[in-house]
Amino acid sequence: MDIRTQRAYDDPNRDDGYRILVDRLWPRGVAKEDLNLDEWNKDLAPSDDLRKWFDHDPDKWDEFQDRYRKELDKQTEAVNDLLKHVRKGRVTLVFGAKDEEHSNAEVLRDYLREKA
């Protein structure tokens, strides 16, 4: 199983496989054609309330992960659809956050690995 994460502001790679934006909001200043996406699925992103509460505060990271995982548990169809792509080959989860260590894409990647 090959699941990668990549910031939306980094150039896509030829070997990214299936590219999916996993943010609720479109990354600022990035043109759609520059992301070279296969999909944008807002259902896989944290809710607006959770995103605003977290506000990329590393002190809230553990709690954010727990809350986000509970949200993902309710998005069965979106998670299962993405797992189909994961089982076929490489998937790159694209996100806009500056902090690569504390992004929803990192949590989603781990969540998918556990579910696969």
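Tutor: What follows covers the patch, then one of its residues, then the chain as a whole. The model is predicted: local features need pLDDT of at least 70, side-chain atom pairs count only at pLDDT 80 or more, and totals for chains, interfaces and linings use all residues. Residues are numbered from 1 along each chain as its sequence is written, and side-chain values use heavy atoms, with hydrogens and water left out.

The patch of negative charge on the surface is formed by Asp10, Asp11, Glu33, Asp34, Glu100 and Glu101. Patch residues have over 30% relative accessible area and no salt bridge, and like charges are joined within 9 Å. A salt bridge here is a side-chain nitrogen of Lys or Arg within 4 Å of a carboxyl oxygen of Asp or Glu.

Helices are DSSP runs (H or I) of at least four residues and strands (E) of at least two, numbered from the N terminus. Asp34 counts as partly exposed because its relative accessibility is 49%; buried means under 20%, exposed over 50%, partly exposed in between, with a 1.4 Å probe and protein chains only.

Another aspartate, Asp49, sits in helix α2, residues 48-54. With 63% relative accessibility, Asp49 counts as exposed.

Of the 116 residues, 41% are buried. The C-alpha trace spans about 35 × 35 × 20 Å along its principal axes.

Methods
Patch = residues over 30% accessible without salt bridge, like charges linked within 9 Å, V, L, I, M, F, W, Y side chains within 5 Å. Areas by Shrake-Rupley, 256 points an atom, 1.4 Å probe, with all protein chains shown as cover. Lys, Arg positive; Asp, Glu negative; His and termini not counted. Charge placed at Lys NZ, Arg CZ, Asp CG, Glu CD.
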